[in-house]
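Take a look at the model below before reading on.

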Amino acid sequence: MTDAVPQTETNRARPKESFDFFHDERVRSVFYQLLTAGTFGWLIWYLISNTAHNLDVRGMKTGFGFLSTSAGFDVDFKLINHTPGVGTYGRIFLLGALNTLFVSFLAILISTGLGFFIGVLRLSNNWLVSKVALAFVEIFRNTPLLIQIVFWYIGVFSLLPAVKKTIDLSLGAEMMLLNNRGLYLATPIMGGLFWLTLVALGAALVVVVMLRRRARKLQERTGQQIKTLVPSLALMFLLPSAVFVLTGMPLSWDMPTLQGFNFAGGTSVPPAFLALLVSLSIYHAAQIAEAVRAGILSVNKGQHEAALSIGLKPGRIMSMVVIPQAMPAVVPPMISQWMNTVKNSSLAVAIGYADIVSLFMQTTLNQIGHAVELVGMTMAFYMFISLSISGLLNIYNKRVQLVER
Amino acid sequence: MQRRTRIVTFAAMGAVAIMGATVASAQSTLDIVKERGHLRCQVGPPSAGYYNLDSDGNWYGLDVSVCQAVAAAIFGDITKMEIQSVSSQARFTALANGESDMLSRTATHTLTRDTQLGIDFLSPNFYDGQGFTVRRDSGITSALELKGAKVCVTTGTTTELNLTDFSRTNELGISNVTFEDYNVRDDTYLNGGCDAVTGDKSSMAGNIASFPVPAEHMILPETLSKEPLASAVRHGDNQWADIVRWSIFALINAEELGITQANVEEMRGSSKDPNVLRMLGAEGNLNEGLGLKKDWAYNIIKSVGNYGEIYEAYMGHGELGIGIDRAGSLNALWTNGGLMYSPPMR
Amino acid sequence: MAIITATKTPDRAAPLGERSVIGWIHKNLFSSWFNAILTLLTGYLVFITVTGVFNWGFTDATFVAENRRACYDNSLTGACWAGVIDWLDNIFYGRYPRDQIWRINVGAVLLVLWMAPLWMGRVKGKVLVGTGVVVFYPFLAGYLFSGGDKGLFMQVMVSGAIVALIANTANMLTGVLWGEFLPDFVLRVLGKSTAPDKTQRNILLALLFVVFTAVFVWQLSWTVEFVSWTKWGGLFLTMVISGIGIASSLPGGILLALGRRSKLTVVRVLCVAFIEVFRSVPLITVLFMATTMFPLFMPEGFVLNKLVQVIIAVILFNACYMAETVRAGLQAIPKGQYEAAHTIGLGYWRTTGLIIMPQALKHMIPNIVGSFIGLLKDTTLVSIIGLFDILGMLRSISKDMPWLGLHKEPLIFGAFLFFVLCFSMSKYSRHLEVKLSAGDQH
């Protein structure tokens with residue numbers, strides 16, 4: 001960086017002196033930049049040549065050829081098919097990436113919802129509730145996430161019952177079963193004409209949206225309110241069910257049933273996944289709750305009082321007056337928490353959930369080496385995800401700024 | 001002008017500093033170790049039987065004793081050794097990079113590892129095999145009855161691969177429940193989270209001993225895999241490999257010849273057996289090929305005992321042992337039908 | 001017409017809701033039927049949790065036992081704290097030789113002693129105190145912790161650190177007793193308060209030289225035993241890694257943040273790329289990179305030990321986060337400050353160093369404490385790559401033969417310890433924030 005003396009002044013002073021090459025601002029600017037670029041380039045070259053030499057001397061294999069060789073191990077949680085001995089390491093990468101994204105996505109959804117809920121509870125006028133919310137936030141914010149993850153992992157098992165005493169979350173329908181082996185879900189099997197039901201649902205949705213829009217326009221124009229909630233719900237329920245019955249109920253369920261040792265059928269979710277999901281959700285909910293609280297407190301008190309004075313109910317004040325105004329202050333820290341959620345999901349390696357770090361940087365690295373390639377690919381994956389999320393944040397920030405003007 | 005010169009000088013100094021760090025490493029590992037004054041021996045995160053920390057912060061275990069044996073062979077002093085505990089991701093690179101001089105940990109010798117990682121495996125100091133632990137009341141008596149069972153397994157090891165192979169071969173449809181930590185694996189099993197645990201039989205024996213009611217559990221007879229747990233050294237320094245290899249052989253040979261920590265002094269003085277005298281350095285010059293002192297093997301036995309003594313202390317029924325019977329296992333001496341066999345020391 | 005009474009109307013009592021316990025309960029817990037239900041439900045949940053935890057952790061727990069078996073014999077449903085108690089030395093100091101533990105304690109006490117003046121209102125020269133801690137304490141502590149033969153460099157640095165510590169303590173005393181800055185006090189005692197600047201400076205330098213020589217000669221007479229880094233562990237190691245991490249990432253972060261705001265394209269692009277790369281990946285991948293790839297980057301035969309690898313990784317990672325904190329601090333500085341500095345003819349470095357940074361740093365202190373808390377928590381990740389930090393030690397208890405399988409209790413103990421540390425620090429940083437922003441509103 002150079003002295004930021006206004007350009008014109010230097011120019012005016014210069015003609016009297018001889019041209020001082022080393023004190024000319026532009027020359028120096030170019031010199032510093034060249035120096036930086038040169039040092040950086042040299043450093044990179046130095047590191048690469050060292051690495052190449054070291055790999056060579058130690059007889060360590062390099063290259064991405066391993067991606068197409070088959071991986072001999074199985075993965076206990078997978079969103080796409082993988083057959084041990086057939087699926088390649090490339091597929092393992094994909095599997096790990098999908099698992100990371102899946103658990104992060106769910107954790108983001110849950111933690112955002114929970115975070116808003118707790119953030120609002122923190123400001124509750126019920127003393128006990130606000131203190132419990134405070135304790136929740138402080139406990140989970142001030143202990144390391146890694147300890148929490150390991151703890152939940154053990155905790156979930158100690159608390160859940162054994163297979164014989166499975167809890168049925170669907171209240172007798174046996175479609176969601178929870179025990180210490182994980183969560184079992186019934187999987188829908190769609191029949192031939194089931195798509196018609198989905199179409200009907202879509203159509204109902206469109207109609208409802210149009211209806212509500214018209215109602216709002218009417219209210220804005222005349223002040224007259226139309227109740228849309230009941231008709232909307234009725235439409236959304238009745239139309240698809242009618243189509244469903246008319247097409248002959250083309251849907252069956254693959255139910256989890258106890259066979260021998262285990263439940264067969266349906267979809268099962270391993271406990272490591274549940275533990276990771278719970279711990280990530282709670283940890284980040286505590287962080288988001290703080291952002292929400294700060295955001296709500298940043299809204300001028302007058303807004304609340306004004307809303308009270310025109311007779312809005314407390315619930316509506318929160319949802320229609322305070323929270324919308326708090327959003328610009330809440331969203332940026334919230335999105336950065338989303339980013340942290342994705343990054344923190346890498347701690348899955350401590351409890352063996354098959355995320356990208358655990359599958360790729362641990363199991364694969366242990367089997368075939370190739371440290372440089374594996375680390376590089378994993379880091380590139382995270383970079384891609386994080387940059388996408390921060391792109392999202394930038395778009396939001398731009399929009400908010402425009403609105404403010 | 002002055003400023004520019006200063007910058008150039010700094011840049012030059014930086015370059016020289018970094019280049020200067022390029023120490024030529026044509027030195028042999030033995031020389032490096034001697035010059036440093038202690039051996040750097042790599043083990044893993046604590047694992048019952050092999051390498052453990054006690055509450056005073058000291059290491060103990062079978063593999064730790066092997067480290068001590070090598071230190072004794074070189075320095076005649078087991079304290080001239082530094083244990084480095086390295087996680088499983090970094091274990092092979094840490095050795096290949098020279099952070100540690102040798103690896104003495106539960107690493108299974110496989111072809112891929114031997115050829116692709118820049119390291120060489122030596123002779124095994126423990127033969128393990130993978131097995132299953134089940135609850136006695138489950139009525140299972142053979143691993144082949146585990147059809148459709150959930151099996152808890154630690155991740156990232158050959159154990160997981162073997163389980164998958166076993167399940168495929170016998171069409172059992174076993175589902176793996178993977179764990180990073182074997183304590184959590186065992187807890188899950190104890191809480192009924194899986195029907196069986198699989199792991200190296202040695203460590204499972206120890207783990208069962210720590211269960212609330214050990215008698216409720218048993219290890220199935222089948223052995224799924226060969227797990228020769230061997231020490232390893234960096235690829236390319238044969239003299240060093242010889243030193244580590246023969247330090248381990250010395251432990252086994254001593255047991256075969258009946259030399260113990262208690263009688264080694266006496267044996268060196270009064271034994272009639274030329275094998276004993278040669279090994280303990282009272283006769284001949286076996287040490288020369290290794291580049292060690294004459295009493296290298298004597299020092300090993302004097303400071304850590306023979307293989308049998310070490311086994312009894314940490315793997316067998318000693319106070320800190322995990323309680324695996326040695327008789328009839330692969331780890332018995334070859335004279336007792338096991339695989340522990342040292343080439344002749346002559 | 002005026003209504004005038006000679007006697008004061010008696011005070012009316014405050015409404016019931018404002019003074020009595022029942023009123024408070026009514027207002028804060030049972031103001032509506034909905035609130036009442038909420039209170040009862042929450043109260044019930046709290047009751048169940050608290051009694052459950054209390055029974056497990058205290059009533060049914062075993063505090064003294066030989067091994068885990070003995071714990072089981074005592075109670076199968078309670079915690080076995082005996083294992084944690086047996087391992088306390090490991091948890092706090094790692095494998096540090098037991099007869100040398102005093103060195104860690106001394107190191108900690110010295111740090112407290114050194115930093116104490118920062119909290120004392122009457123003590124002068126706080127900037128110097130702060131700089132002294134950052135520049136000299138690492139050398140003193142570094143030698144105290146690792147020991148061995150001091151090279152000439154270490155001898156000089158250790159002597160310098162001791163001199164700084166003496167000066168610091170003396171300054172604290174003069175500050176507390178007389179509210180005076182140490183040099184002023186010395187000059188006053190010598191009766192040279194009114195001497196010309198040059199004389200004063202020479203006197204002080206001579207005095208410093210005498211003290212330094214004395215200390216240098218004295219420190220030649222002792223050394224402390226060498227302790228290898230492989231013996232460092234427990235909370236001590238956690239503190240060392242996060243302490244070095246935060247202290248070194250601050251200058252790194254400042255440089256990166258300045259680079260990011262630089263007008264030189266190459267510098268800016270490189271800094272932005274560097275910051276964004278490390279901010280977008282999880283710490284665990286950086287640690288894996290450090291342990292598996294750093295050694296490959298080094299020239300053959302040049303070996304970095306694991307601790308150094310980890311510390312470098314933590315610094316790189318944290319510097320990028322710090323850069324963003326610094327950038328936020330810089331953005332808060334009004335443009336007028338830059339312009340004023342230019343007006344009086346200051347160049348870039350002097351503007352930054354003398355005008356901008358001091359103001360920005362002051363605003364950043366709460367955030368720096370915040371990132372220290374974050375780093376302290378994140379440091380537990382080093383246990384995944386095999387260092388025996390506090391979490392590594394806590395998880396090792398379960399592998400020691402007498403305590404085989406004992407792993408819940410250590411984790412809970414660790415969580416509690418972290419909670420106490422982090423919670424008190426975050427409370428303090430919030431207090432600082434309030435205090436600093438109050439200072440701004442004059």
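What follows is a short tour, chain by chain.

## Before you start

This is a predicted model, so local features are described only where pLDDT is at least 70, side-chain atom pairs count only at pLDDT 80 or more, and totals for chains, interfaces and linings use all residues. Residues are numbered from 1 along each chain as its sequence is written, while chains are lettered from A and ligands numbered from 1 in the order in which they are written.

## Chain A

Chain A has 12 helices and eight strands; here helices (H or I, at least four residues) and strands (E, at least two) are DSSP runs, numbered from the N terminus.

An unreviewed UniProt entry marks residues 30-48, 101-124, 145-163, 183-211, 232-253 and 374-396 of chain A as "transmembrane region". Take residues 101-124 of chain A: the span is 92% helix and 0% strand, and its end C-alpha atoms are 34 Å apart. Residues 232-253 of chain A are 68% helix and 14% strand, with 28 Å between the end C-alpha atoms.

## Where A meets C

The contact takes 51 residues from chain A and 48 residues from chain C, a contact being two residues whose C-beta atoms, placed from the backbone, lie within 7 Å. On the chain A side, helix 2 (25-57) gives the most, with 13 residues. By class, that side has 32 nonpolar, 16 polar and three charged residues. Nonpolar covers Ala, Val, Leu, Ile, Met, Phe, Trp, Tyr, Cys and Pro, charged covers Asp, Glu, Lys and Arg, and the others, Gly among them, are polar.

## A helix in chain C

Helix 13 (residues 265-280) of chain C has 16 residues and reaches 22 Å from its first C-alpha to its last, close to the 22 Å expected, which is 1.5 Å times one less than the number of residues. Its buried residues include C:Leu270, C:Phe278 and C:Val267.

Why does C:Val267 count as buried? Because C:Val267 has 22 C-beta neighbours inside 10 Å. Leaving out residues up to four places away in sequence, C:Val267 touches A:Gln33, A:Thr36, C:Gly259 and C:Ser262.

## The sheet in chain B

Chain B holds an open sheet of five strands in the order 4-1-5-12-6, with mixed pairing; two strands pair if DSSP finds at least two bridges between them. Strand 4 (81-85) and strand 6 (119-128) of chain B stand at the edges with a single partner strand each, so one side of each has no neighbour in the sheet. Strand 5 (residues 102-103) and strand 12 (residues 227-234) of chain B pair in the antiparallel sense over two bridges, and B:Leu103 has B:Ala232 as its bridge partner in strand 12. Helix 9 (residues 238-257) of chain B packs on the sheet, touching strand 5, strand 6 and strand 12.

B:Glu171 sits in the loop between helix 6 (158-169) and strand 9 (175-179) of chain B. Phi of B:Glu171 is near 50 degrees, a positive value in a residue other than glycine. Most residues other than glycine have a negative phi. B:Glu171 is exposed, with 8 other C-beta atoms within 10 Å.

Terms used. Axes are lines fitted to C-alpha atoms, for helices over the stretch in contact, and angles run from 0 to 180 degrees between N-to-C directions. A residue is buried if 20 or more other C-beta atoms lie within 10 Å of its own, exposed if 12 or fewer, and partly exposed in between; C-beta atoms are placed from the backbone. UniProt positions are given in the numbering used here, feature names are shortened, and annotations may be inferred rather than shown by experiment.
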